[in-house]
Amino acid sequence: MSATLSRGSLQPGQQKLAEKFTILNDRGIGMLTRVYNIKKACGDPKAKPSYLIDKNLESAVKFIVRKFPAVETRNNNQQLAQLQKEKSEILKNLALYYFTFVDVMEFKDHVCELLNTIDACQVFFDITVNFDLTKNYLDLVVTYTNLMMLLSRIEERKAIIGLYNYAHEMTHGSSDREYPRLGQMIVDYENPLKKMMEEFVPHGKSLSDALLSLQMVYPRRNLSADQWRNAQLLSLISAPSTMLNPAQSDTMPCEYLSLDAMEKWIVFGFILCHGVLNSDQAALSLWKLALQSSTCLCLFRDEVFHIHKAAEDLFINIRGYNKRVNDIKECKEQALSHAGLMHRERRKFLRSALKELATVLSDQPGLLGPKALFVFMALSFARDEIIWLLRHADNIQKKSTDDFIDKHIAELIFYMEELRAHVRKYGPVMQRYYVQYLSGFDAVVLNELVQNLSVCPEDESIIMSSFVNTMTSLGVKQVEDGDVFDFRGMRLDWFRLQAYTSVSKASLGIADHRELGKMMNTIIFHTKMVDSLVEMLVETSDLSIFCFYSRAFEKMFQQCLELPSQSRHSISFPLLCTHFMSCTHELCPEERHHIGDRSLSLCNMFLDEMAKQARNLITDICTEQCTLSDQLLPKHCAKTISQAVNKKSKKQTGKKGEPEREKPGVESMRKNRLLVTNLDKLHTALSELCFSINYVPNMVIWEHTFTPREYLTSHLEIRFTKYLETLLRQVSNGHIAYFPAMKAFVNLPTENELTFNAEEYSDISEMRSLSELLGPYGMKFLSESLMWHISSQVAELKKLVVDNVEVLTQMRTSFDKPGEMAALFKKLSSVDSVLKRMTIIGVILSFRSLAQEALRDVLSCHIPFLVSSVEDFKDHIPRETDMKVAMNVYELSSAAGLPCEIDPALVVALSSQKSENISPEEEYKIACLLMVFVAVSMPTLASNVMSQYSPAIEGHCNNIHCLAKAINQIAAALFTIHKGSIEDRLKEFLALASSSLLKIGQETDKTTTRNRESVYLLLDMIVQESPFLTMDLLESCFPYVLLRNAYHAVYKQSVPSST
């Protein structure tokens, strides 16, 4: 082809090399993505096209594959009969697969055409001069090679293409027009590398020139950790006097060029133009150095290429290549024995280097300007080492695996994330620096270089003048005003200019003006520091490959959590999930949801595990503290007292030499800092993990926001809710009572002693600590959990009311008829159950009251002005305010821990109860009758021996004093929901309760009236608790003299028991 092209057809501007490279490289990645997904789908029985596993089509598929690419439909009707039935479905469902293969063929055609054009133009390649042109050329060669190799790994490719074409033949009477060429391509590329070695013979000169330009870059990058250390690589503080000097290099973009990419260029490139290995020692040195560094390379994502075996199989059949085969074997041994150690030491060095760099930049972010190159070098170096480890750990080829297990990998990733965060946070700082650099220095130097050019054609002159003008027009004010910079056009023009000046016989040859190339490469880096920082971070530090190594990713995370020194870096793993979407491509939009879901699920799992670990540590610390507290119990001092008594009486007890028992508190007496207790270890582990959880306030993944702290809060909520349920269950069993005087729950004497002291878990200080731990949202969750329990009790109470609805309706209107009331009362069922359930509700509400009070105390310390404002707002709501508005105020007040006349949480919980086939009027009637049921049942409490009032605790041992809170809050909530008058219903309750309790004053049975006075006091408690009832109202229903006598009786009764 090159021989027939005329000079006129080789005009560089007409060839549009820059545009073609840009489009084809992007399209190549898209095609790799699509082919990769086809391969994975065909390898997954669940995602595999059903026609490939359909038993009815099995014989047809085998026949098609055996005859491929030939098409024979006439004499095989029996084998293809089933295919005839499903031809339309096959055409529909395999079209995406088939036309992806057609797209691969078209991509191949365009690449081959471009490679021929490059050979004909005799393009000059040098990575240190025309960086963009050379990099894009080598990228395209490798992408093309990887695509054809990945295609050959789809075992079902012949079956898919053949099935589609046969279905097309049966439907349209002829093969698809692309099929003959496509079928031939599939056959030709059965062994893709062998075929491409033949194909690249005419391209050998261009490819080898491009590869040989790496001899100034690749060996310098592929150094040992000791060489890096001796050179003090990436250190900002090794030479303090030059700290503010800009980091410069003649080959700026090569400094952060991926080592992984270079090794792929070298390995695949020299396989394709292998002849140069025999003729050029520099080429052989590059080849051997790359073969010694790795045992496998990445084709695409988690698809790898085992270098040595593949190269040996290709070269062994070429005459005169015995020496090259021996080189490969030697390099393989070298890679197996030394590469793992070399990369492990590099990671070790990079951990300390990146830590130093991140620490200095966090203290002096202004250094991000002059030392930006160091940041992107550090990110690129670390990313290369992490990817190398990930790939090789999954494809180990040696017995010893120690070099492929790095328990400190999280630390390296963490420092990478820290550097990335600095770049994102201080982007404007970098913009200010490089805007001034471009306008004040780069524009001047470039203008001078252009003026000194001996020859400068018009097109090239126009482009370079536009560069100078663009840079000269820049100013700091644009950064301060928030202007959006966009230098993409300038970079593309430089790419075009490289193409114009790199072809043979160009008027202005860049090979003769290397200084211009190096200066422009530096300028392009500076422009990226202004408008492409995010893209630079993706280019140098994207670790989305972890998405395709899920098992290794999860294993690394578990190792990180298990190692206390690394747990502070565990946030690295959720942060890596933010990278995943960057690996998607617009040519394969269908995988976005799959990768997005995977990133969300992994991030969720990591944050959940971190929160669980922190929660468990908190629980272990609580257990340790309880153990220490238990050492102070009286029972443990018996032995000490016994020893003291025996010592006084000079009695010898026990064995000689028996160690003296350690006294409580001895753990706090430390002789040196090396003594570490278990509690110290737990606190250290918790602080490290909490550092990680609090490292970022939130992270955004695929338009979802994750807040790490909320995961911990959620787990603490669940854990403490469980503790709460245990506590309240013991209360309902009669083992614990609420003591209003102490504002705590206290253990009652029982036969089986409880395993925990309720007071230690429910007093004021504990409640405040709980509020501090959970915060307002956690306490809201706690309240919702409590309200769920209450609503379930109310639902059961309503059922009991329905069972007794007729009797209660009559009692509601007959409270002034003693005889009739007595007869009706005997007809009631489940009286004890009603009182017990109401008592449980009262206990739960009493606990919530303690929690709310503690929350108010805590918030008053943290946000006193806000709390006082909320309190003032609540206290000044006019009575005539609309209930919806009032409930909004109550909800705000409740969130701040303030008590409300109507509990908004209780209203929400009870309003969510929906009874089937019951009208609102009927629901209201049931609520009214529930209050009647409780009122007429109260006299039965007097017969209970546990109903005795204790002045010391200001309550009853069976918690019936909690009925006061239950009656008031349940009534307020129910009649708010049903839009009734709370005050009227409570007045009705008080009248019924007073009437019922007055009757027991006339009873003569001592058993029935055992604790009559104690029960009388409930009326006083109900009124005292209620914002809707007054003592005057009580006096009109129940003589105050009875209350005074009742108080006198219970206090008198308590005197003997207290002495």
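Helices (H or I, at least four residues) and strands (E, at least two) are DSSP runs, numbered from the N terminus. The model examined here is predicted, so local features need pLDDT of at least 70 and side-chain atom pairs count only at pLDDT 80 or more, while totals for chains, interfaces and linings use all residues. Residues are numbered from 1 along each chain as its sequence is written, and side-chain values use heavy atoms, with hydrogens and water left out.

Gln122 lies in the loop between α5 and α6 (131–152). The phi angle of Gln122 is near 50 degrees, a positive value in a residue other than glycine. Gln122 is also exposed, with a relative accessible area of 55%; here buried means under 20% relative accessible area, exposed over 50%, and partly exposed in between (1.4 Å probe, protein chains only). A second residue of this kind is Lys505, whose phi is near 65 degrees, again positive in a residue other than glycine. Lys505 is placed in the loop between α24 (488–502) and α25 (514–531), and with a relative accessible area of 72% it is exposed.

Another backbone feature is found at Phe68 and Pro69, which are joined by a cis peptide bond with omega at about 5 degrees. Pro69 belongs to the loop between α3 (58–67) and α4 (77–85). His203 is a loop residue too, found between α9 (192–199) and α10 (204–212). At 4% relative accessibility, His203 counts as buried. Leaving aside residues up to four places away in sequence, His203 touches Leu115, Asn116, Asp119 and Tyr137, where contact means heavy atoms within 4.5 Å.

Next come the charged side chains. Side chains of opposite charge can pair when their charged atoms come close. In a salt bridge, a side-chain nitrogen of Lys or Arg is within 4 Å of a carboxyl oxygen of Asp or Glu, and a search of the whole structure finds 49 of them. One of these joins the side chains of Asp109 and Arg181, at 2.5 Å from N to O. This pair links distant parts of the chain, since Asp109 is in helix α5 (residues 87–121) and Arg181 is in helix α8 (residues 179–188), 72 residues apart. Asp109 is partly exposed, with a relative accessible area of 29%, and Arg181 is partly exposed at 43%.

Arg229 counts as partly exposed at 36% relative accessibility, and Asp226 is partly exposed with a relative accessible area of 49%.

What of Glu385 and Arg346: are they buried or exposed? Their side chains meet in a salt bridge of 3.0 Å, N to O. The pair links distant parts of the chain, with Glu385 in helix α19 (residues 372–393) and Arg346 in helix α18 (residues 322–363), 39 residues apart. Both Glu385 and Arg346 are buried. Elsewhere, salt bridges that share partners join Lys39, Lys40, Arg153, Asp302 and Glu303 into one network.

The cysteines can be described briefly. A disulfide is a covalent bond between the sulfur atoms of two cysteines. With a disulfide taken as a pair of cysteine sulfur atoms within 2.5 Å, the structure holds 0 disulfides. Cys42 is in no disulfide, and the nearest cysteine sulfur, that of Cys588, is 13 Å away. Cys42 is buried, with a relative accessible area of 4%. The sulfur of Cys112 is 16 Å from the closest cysteine sulfur, in Cys273, which is too far for a bond. Cys112 is buried as well, with a relative accessible area of 18%.

Finally, two helices show how packing can be described. Helix α37 (residues 831–862) and helix α41 (residues 920–937) pack at an angle of about 105 degrees, with their axes 10 Å apart. Axes are lines fitted to C-alpha atoms, for helices over the stretch in contact, and angles run from 0 to 180 degrees between N-to-C directions. The two helices α37 and α41 are therefore roughly perpendicular to each other, given that angles under 35 degrees count as roughly parallel, over 145 as roughly antiparallel, 65 to 115 as roughly perpendicular and the rest as oblique. Val831, Val834, Leu835 and Met838 of α37 make the contact with Phe933, Val934 and Ser937 of α41.
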